[in-house]
Amino acid sequence: MPIAAKIAFPASKGKLELNSTDPRQNPSVIFNYLAEEKDLEECVKMVQLIERVAKSESVSVFMGIAPNNTKSMSSADQRRKLCKSSVRTFYHYHGGCRIGSVVDKDYRVYGVKGLRVIDGLTFEESPGTNPMASVMMVGRFQGIKMLQERKDDSQQHP
């Protein structure tokens, strides 16, 4: 039974760059997980918490083990190694195009006329679940707003 944890506001920062102006080309992505010591320390704390949860009576029954009969990692160094070897994404990328830094409050990309980014990349914080519903909500809201802007523009410039 997989058990996972998440660092909500990591200090480590990755890098996303376009390799070309061709939209069919993949960008360069450097995740840079656990690069900051603070993030690694948080991961070690989460491993300890997961160990306690796995030993609990309510979870151990699903794992097919006796409660409080699981072996804990013996050292913080082992936990650090586990963090480094098992860290991964949940594949819900977000946060690289935050409002105010890359896009304005109407999701228009600074310096690129006619381009808006309405995507999980604009989220400052992960919604803590699959972000699809949040992306759809923002997309619908912004779509309605864009239609209203077009209507307003056509009434001003008949």
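1. Serine 12 and aspartate 39 are joined by a polar contact between their side chains, at 2.5 Å. This is in a predicted model. The side chain of serine 12 also reaches the backbone nitrogen of glutamate 36, at 2.8 Å. Serine 12 sits in the segment before strand E1 (15-17).

2. Is serine 12 buried or exposed? Its relative accessible area is 11%, and buried means under 20%, so serine 12 counts as buried. Not counting residues up to four places away in sequence, serine 12 touches Asn32, Leu34, Ala35, Glu36 and Asp39. Of these, Asp39 is also listed among the buried residues of H1, and Leu34 belongs to the largest nonpolar core.

3. Most residues other than glycine have a negative phi. Asparagine 32 is placed in the loop between strand E2 (28-30) and H1. With a relative accessible area of 38%, asparagine 32 is partly exposed.

4. Tyrosine 107 raises the matter of phi again. The value is near 70°, positive in a residue other than glycine. Tyrosine 107 lies in the loop between H3 and H4. At 10% relative accessibility, tyrosine 107 counts as buried, whereas asparagine 32 is partly exposed.

5. Which residues make up the largest nonpolar core? There are six: Leu34, Leu40, Cys43, Val44, Val47 and Cys83. Helix H1 (residues 37-55) gives the largest share of this core, with four residues. In soluble globular proteins, nonpolar side chains tend to be buried together.

6. Within that core, cysteine 43 can be followed through its contacts. Leaving aside neighbours within four places in sequence, cysteine 43 is in contact with Ile7, Leu34 and Cys83. Leu34 and Cys83 are core members themselves.

7. The geometry of H1 is as follows. The helix has 19 residues and spans 28 Å from its first C-alpha to its last, close to the 27 Å expected at 1.5 Å a residue. Its buried residues are Asp39, Leu40, Cys43, Val44, Met46, Val47, Glu51 and Ala54. Viewed down the axis of H1, these buried residues fall within an arc of 165°, so they line one face of the helix.

8. What do the buried residues of H1 pack against? Their partners are helix H2 (57-63) and helix H3 (76-86). The face of H1 turned away from the buried side carries the exposed residues Lys45 and Arg52. The buried list of H1 includes Asp39 and Glu51, and Asp39 has its side chain in polar contact with that of serine 12.

9. Valine 53 also belongs to helix H1. At 33% relative accessibility, valine 53 counts as partly exposed. Valine 53 and isoleucine 3 are 50 residues apart in sequence, with their C-alpha atoms 9.3 Å apart in space.

10. The last point concerns serine 101, in the loop between H3 and helix H4 (132-156). Serine 101 is partly exposed, at 47% relative accessibility.

Key. Residues numbered from 1 in each chain as written. Predicted model: local features only at pLDDT ≥ 70, side-chain atom pairs only at ≥ 80, totals over all residues. Heavy atoms only, no water. Core = buried A, V, L, I, M, F, W, Y, C linked by side-chain atoms within 4.5 Å. Buried < 20%, exposed > 50% of the residue type's maximum accessible area, 1.4 Å probe, protein only. Helix = DSSP H or I, 4+ residues; strand = E, 2+ residues; numbered from the N terminus. Contact = heavy atoms within 4.5 Å. Expected span 1.5 Å × (residues − 1). Arc of directions from axis to C-beta. Polar contact = N/O pair within 3.5 Å; in protein donor to acceptor, adjacent residues only side chain to side chain.
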